[in-house]
Amino acid sequence: MGRLGKVDPSSYSQPELITTEHSAINWKVDFADTKLRGSVEHRFNVLSSNLDKILLDVRDIDVKNATLLAGGSEVPISYFISDPVPDIGQKLTLELPAGTAKGSLNIRIDYETASNASGLQWLNPTQTLGKKHPYMFSQCQSIHARSVMPCQDTPAVKFSYDAIIEHPTELTALMSAVIDKRESGKTYFKQTVPIAAYLVAIAIGKLVSRPLGENSNVWAEEGIVDACAEEFSETCTMLKTASELCGPYVWKQYDLLVMPPSFPYGGMENPCLTFVTPTLLAGDKSLADVVAHEIAHSWTGNLVTNKNFEHFWLNEGFTVFVESKIVGRMQGDKELDFKMLSNLIELQECIRSQLSGTPELTKLVVDLSNCGPDDAFSSVPYIKGSTFLRYLEDLLGGPAVFEPFLRDYLKKFAYKSIETDDFKGALYDYFKDSDQKDKLSVVDWDLWLKSEGMPPIIPKFDQTLANITNDLANLWSTKTVDQLTNNPDIKKPVSVHQQIAFLGKLIEAKDIVELNEQKIDLLETTYNLKQSKNAELRFRINRLIIRARLIQRLDEIIEFANSNFRMKFCRPIYRDLGAWPEAKPRAVENFLKVKDEMMSVCAHTIEKDLGL
């Protein structure tokens, strides 16, 4: 494939020559044909003299016309689309008149999306909770905005947008923007803060809302909206805590939309409207930390953005770091450290299994010259990145020293897109006249950014809560069922987060004594796992059932895999089943049956995991 552009290996657009400043979107939503039809009008800023063409990213888009808008007149312009690159898309070339000057340039593109656009998911009524109305939502990260509209689909470019959406009158339309006005079957939106294309988002369904606080609501289908409002009742406290850490919140509105089960991620930080998976509905708020993560993105990712996805850790490492600080301020420092230690268990598992064949993707800064961002997606930028930041914070003197730098960094690069060197430069610049300057000389940047595997240095975390989970994992992996049955240590009360971490450590244990039906049964009984609504717990116990090779429970494992298509859960489940010869045919058969109900990013990666 090679690098498609100078600035971004995954985008044909040339932000060094031209950038998008504003986009006016006009879409008619066609549920019958599962297409968006309409236009986008881009206002470009031309940076280069005598630019003869504009290159945009598209993917399976049917372009009808391209028109140059100048001085009240409309001039049709020639365009052509290149052959597709698998998993990446195509190049749309717009030919400009000779002598195009620097400065403002307006072009409208009339088009329609493919019926199977990779960035859109269309659900028929039976796939929704209410069963009466269809539902549509988008997921443009990392590089799927190009399947929704012709654009500079690179985080190096940020633009404001407004949108007019025509949709069925009985349905509600929401976007990653503020609602400007509503008419019957038509909704108008405005996003005045410039954003990267991957943050353009839309959802349309039979949706209702409940207030969470001032300028904050939760949206969902009627059947679950009250449970959602209860589960996410701490949202405004999280938002206030994040603002204290990071500075003013610039996005005006912070709403949550609880998605259908086919949503592939835990959450997506679409500005003004975070999308979250329904697998967070545990009934006890124990998984609401994901909302803290998405709130943190309002600064780290959405306001200060990675210039391309090779530097994705600048989005996600910073966000996990800020998320853990929000948790720390709300629940205490022991919980903060426990969260970061638990993340390391997850990272270890990811490196051992998902990335075992591609160790180069365990680097903090990756090379995407011959790899799409979806294929590189893993927990590495999240956890290795946040561990690096914690290492730097400890090295420089702790939160009292590092948090003021964090605020300064966010202020300095607000509304910009940056690379790792920009962060490094800001760090050295901030501390250049302080006592901390010499401490920075011990940081081995190449080791942290370019070496493979686990973080080269693990910071000194408070181990109080983690020791309990380590002891439990040790107990369950080394003792027989008889030795465990009346052991008082397994009856000691532990939090849900400790249960999740201990089951994760158990999955990672090299050997488990007597991992059989009786031991699984004892685990489930001791910790009440059969009745649990907590998806993180159910996911881990299912992986242990697979490891125990309990073929008689394959139906319920498949049932769990079909209950949601969140990649964090279904990819490891399918990978585990794929490595179990007895179960693999059934797993493949099931996947082929349900893959059209998945978003393309999910189906595409599981297909690769199963070697199909």
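**Close-up 1. Contacts of R540.** Leaving out residues up to four places away in sequence, R540 touches E346, I500, L503, G504 and I507 (contact means heavy atoms within 4.5 Å). This is a predicted model, where local features need pLDDT of at least 70 and side-chain atom pairs count only at pLDDT 80 or more, while totals for chains, interfaces and linings use all residues. Numbering runs from 1 along each chain as its sequence is written, and side-chain values use heavy atoms, with hydrogens and water left out. R540 sits in helix α16 (residues 535–547); helices are DSSP runs of H or I with at least four residues, and strands are runs of E with at least two, numbered from the N terminus. R540 counts as buried because its relative accessibility is 9% (buried is under 20% relative accessible area, exposed over 50%, partly exposed in between, with a 1.4 Å probe and protein chains only).

**Close-up 2. The peptide bond between Q141 and S142.** Here is a cis bond, with omega about 5 degrees. S142 belongs to the loop between β10 (135–138) and β11 (159–166). For background, most peptide bonds are trans.

**Close-up 3. N50 and its positive phi.** N50, which is not a glycine, has phi near 55 degrees. Look for N50 in the loop between β2 (35–46) and β3 (53–58). With a relative accessible area of 57%, N50 is exposed.

**Close-up 4. Y415 and its positive phi.** Phi is about 70 degrees at Y415, again not a glycine. The loop between α8 (399–412) and β22 (416–418) holds Y415, which is partly exposed at 42% relative accessible area.
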